[in-house]
Amino acid sequence: MKKSKVYGTISTERAGFEKCLGKEDVVENYTVFDWIVQNAVAFWLLVIVVLLVFELLTLGLTTIWFAFGGLIAMAIAAADGPFALQFGAFAVISLLAMVLVRNVALERFNQNRARTNVDSVLGQKAIVTQKINNLKSEGQVVLNGMEWTARSASDSEIEEGTVVVVKRVSGVKLIVEKEG
């Protein structure tokens, strides 16, 4: 048996046949992992492209961090670093980037995002037009010219004419509390 440069052994007959074809180092049990190890730069480039395409389709700022990890792994592969180091760097860098940078990036990219109706009412002031009484399921407020059903956040009654602040939205009801 002849020891191959590609993680395995091949028979002498096969080695002679492969040598005639100019393929001395072909291994009988050549696996996908063997291909990945031999073509690590191409593998990481493929991983990066797939992750970037997925990120462009979803725009969730999730797979972009793994693409960054893939870039670091590809650099290690280009420097002939072992595959275990490439994969370890990919995993660690990707997770660190996602944990440390994702929230900051989301805040920055979502600064000019148009708020939905529900988002836009949080923290705004409204005027009670019908006494709010959670036990009787009563209460209405006017907010930006629109009438809303309202409930008290603290279960206390709130009199008509009181200025309230919207704390959250529950279904079609505003959950409010007295201002101040």
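Buried here means under 20% relative accessible area, exposed means over 50%, and partly exposed lies in between (1.4 Å probe, protein chains only). The model is predicted, so to speak of local features pLDDT of at least 70 is needed and side-chain atom pairs count only at pLDDT 80 or more, while totals for chains, interfaces and linings use all residues. Residues are numbered from 1 along each chain as its sequence is written, and side-chain values use heavy atoms, with hydrogens and water left out.

**View 1. The salt bridge of K125 and E179**. Searching the whole structure gives 4 salt bridges (a side-chain nitrogen of Lys or Arg within 4 Å of a carboxyl oxygen of Asp or Glu). Here, the closest N and O atoms of K125 and E179 are 2.6 Å apart. K125 belongs to strand β3 (residues 125-133) and E179 to the segment after β7 (173-178), so the pair ties together parts 54 residues apart in sequence. Strands (E, at least two residues) are DSSP runs, numbered from the N terminus.

**View 2. K131 meets E157**. Their closest N and O atoms are 2.8 Å apart. This pair links distant parts of the chain, with K131 in strand β3 and E157 in the loop between β5 (146-152) and β6 (163-170), 26 residues apart. K131 is partly exposed at 31% relative accessible area, and E157 is partly exposed at 38%.

View 3. E159 sits in the loop between β5 and β6, 28 residues from K131. With 44% relative accessibility, E159 is partly exposed. Through shared partners, salt bridges join K131, E157 and E159 into one network.

Note on methods. Helix = DSSP H or I, 4+ residues; strand = E, 2+ residues; numbered from the N terminus.
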